Amino acid sequence: MKRQGILILFSLLVVFSWGQTTGVKSAFKSVFLLTTFDSDNQVLSTGHGAFITSDGQAVSNLKPFLGCARAEVTDTKGKTYEVSRIIGANELYDVAFFTVNQKVTPCLIAPSNLSIGSNVWMIPYEKKLTDLTASTIKSVETFMDKYSYYIISMTSLEDIDGSPFVNDDGQLVGLASSSSKGDVHLTDANFISSLQTSGLSFNDHSISQIGIAPALPKDKDQALLMLMMLDSNVDPKIKSTVVNDFIASYPTMVDGYSSRAQANVALGDFSSAAKDMETAIQKADKKDEAHYAYSQVIYNKEVFDPDTPYKDWTLDKALSEAEKAYEINPQNIYELQKARIKFAMGDYQNAYEEYIPLAKSTPNSGEIYYEASLCKQMLDAPAMEVIALLDSAIANTDTMAIRQAAPYFFSRAEIYNSVDSFRQAVFDYTRYEILVDGQVNSEFYYLREQAEVKARLYQQALVDITHAIYLSQDEPMYYAEKASLELKVNMFDEALNTATKCIEVDPEYATGYLLLGLAQLQKDQKTEALKNVEKAKELGDEQAQGIIDKYFK
């Protein structure tokens, strides 16, 4: 009896051990080798990971993805799958969450955190399963209040990053990363599977370095924000994928169709763009938005690319679509679109008549008043009528967004200049400079200097023309302007130096020689002055002969 009892106990131990190992070994079917490729389709890097859902969602280390053009995973049976979308990434913990959109064998994630002393098993991609050995949890840190970061009793191995570790039941605990101390850390698989894209994912440093499209966010507003964030810095292939995903997910929303249409317009594929917008009108829940979006697509093409004709698109067609939108839902934005199209058609009076009622009925209507002022300018209206509209544009700009008024001040400065109100012009130029945080070019400083000279603000004018020279040191006209101003205010030595520099910048610039000659005259250097004035005449300066006649005969 005693011998039989020992045999029974031994049998129970074997069954327990076998069951435990079987659970661990089952996870082997879910692990894979990650391979990433550069734009030349050459291998960039490799990593490891595991599938966590049967429809192909997977987790791995992030580093192999950075800088890649595409990626694929190879399971333990040798089957290879293309990585389809990046669902989430975290550079701090070096982890990525993505999908291959294939039916696979997953490893379920451990539902609860492990405690110190618990077993964990590394599931290798290539080693024999008979080599499996357990490690234990040495310490546990909690982050984000619910996820675990484990340090295990195991010496780091080469190429261990991303390797899956499971518990005794074969459930995924986390992915490995080596540390500078030579030990192994595990990032909680629950954390990795919680990673998601957002509307601002293209601003994420790690996502922006991956040449694979991010998954569309699950939240509709976030998905729409991602669509809006598709700018010129985003790879066209990724743009196309995001737009197509949006249309597939939200077939009754206009935004996806209009985004794809605009992309096709940029490629010169107007027929595809037209087809998309016609589909949008057919499928959209909000027909007015679809007609308005179509009007915008046509308008933008006709205004910014008028030299590439497309027989089905004209400004009349754009106006018709805007009118249809307004008939369905009479909103001010649709009325504004009609006014802008009429302006583009050259129908300035009717455009103006559309703008004014809109401006009066719309809060913070500065932009509308500004566009109305452009109509008046095109109609050659009296300057004071234009200035009155620009006054209204400035007055009706939200003070919290006063930077938007910068072009209104600049336009008013130009009008004041045209009617000899030079001090008012200088004031408006200065307000413009302030509103754009001083981000102006040399031409701006030259324009303001011209107004300051006419307003007899000579000191300010000298400062501005010096700024212009600093920004465009190879432009002889600015040196000539400064030398002329220095002569005007009796700064003869300075004028001589500036004119000399003008000639150094451009030895063929006639005005430089003329101004140098005039400066030398003031310094009683008549011989040198005559030579330079004659040189100016030789180079075609029309004033030179008159100066020769007056001062040298």
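Tutor: Start with G346, which sits in the loop between α10 (332–344) and α11 (348–361). Keep in mind that this is a predicted model.

Student: OK. What does G346 count as in terms of accessibility?

Tutor: G346 counts as partly exposed, with 36% relative accessibility. The cut-offs are under 20% for buried and over 50% for exposed, so 36% falls in between.

Student: How far apart are G346 and M378 in space?

Tutor: Their C-alpha atoms are 8.8 Å apart, while in sequence the two residues are 32 residues apart.

Student: Now E126. Where is that?

Tutor: E126 belongs to the loop that runs between β8 (119–122) and β9 (134–143).

Student: Buried or exposed?

Tutor: Exposed: the relative accessible area of E126 is 70%.

Student: And what separates E126 from S295?

Tutor: Along the chain it is 169 residues, and between the C-alpha atoms it is 59 Å.

Student: How many bridges join β4 to β5?

Tutor: There are 3 bridges between β4 (residues 70–75) and β5, and the two strands run antiparallel. Within that pair, E72 is opposite E82 of β5.

Student: Helices next. Which residues of α4 are buried?

Tutor: In α4 (residues 220–228), the buried residues are A223, M226 and L227. Looking down the axis of α4, these fall within an arc of 100°, so they line one face of the helix.

Student: Which residue reaches the backbone nitrogen of D221?

Tutor: D219 does, at the start of α4: one of its side-chain oxygens comes to within 3.1 Å of that nitrogen.

Student: Which residues are buried in α22?

Tutor: Helix α22 (residues 544–551) has A544, I547 and I548 buried. Down the axis of α22, its buried residues fall within an arc of 100°, so they too line one face of their helix. They pack against α20 (510–522) and α21 (526–538).

Student: And the largest nonpolar core, which residues touch the most other members there?

Tutor: Y355, V533 and F552 do, out of 65 residues in that core. Leaving aside neighbours within four places in sequence, F552 is in contact with L521, K526, A529, L530, V533 and I547. There is also a second, separate core of 39 residues, including V234, A273, I298 and W313.

Student: Last one: K482. Where is it, and is it buried or exposed?

Tutor: K482 is part of helix α18 (residues 476–488). The residue is buried, because its relative accessible area is 18% and buried means under 20%.

Student: What is K482 in contact with, leaving aside its neighbours within four places in sequence?

Tutor: Its contacts are L462, I465, T466, I469 and T498.

Key
Residues are numbered from 1 along each chain as its sequence is written. This is a predicted model: local features need pLDDT of at least 70, side-chain atom pairs count only at pLDDT 80 or more; totals for chains, interfaces and linings use all residues. Side-chain values use heavy atoms; hydrogens and water are left out. Buried means under 20% relative accessible area, exposed over 50%, partly exposed in between (1.4 Å probe, protein chains only). Helices (H or I, at least four residues) and strands (E, at least two) are DSSP runs, numbered from the N terminus. The arc is that of the directions from the helix axis to the C-beta atoms. A polar contact is a pair of N or O atoms within 3.5 Å; within protein, one must be able to donate a hydrogen and the other to accept it, and residues adjacent in sequence count only if both atoms are side-chain atoms. Contact means heavy atoms within 4.5 Å. Two strands pair if DSSP finds at least two bridges between them. A nonpolar core is a set of buried Ala, Val, Leu, Ile, Met, Phe, Trp, Tyr and Cys residues joined through side-chain atoms within 4.5 Å.
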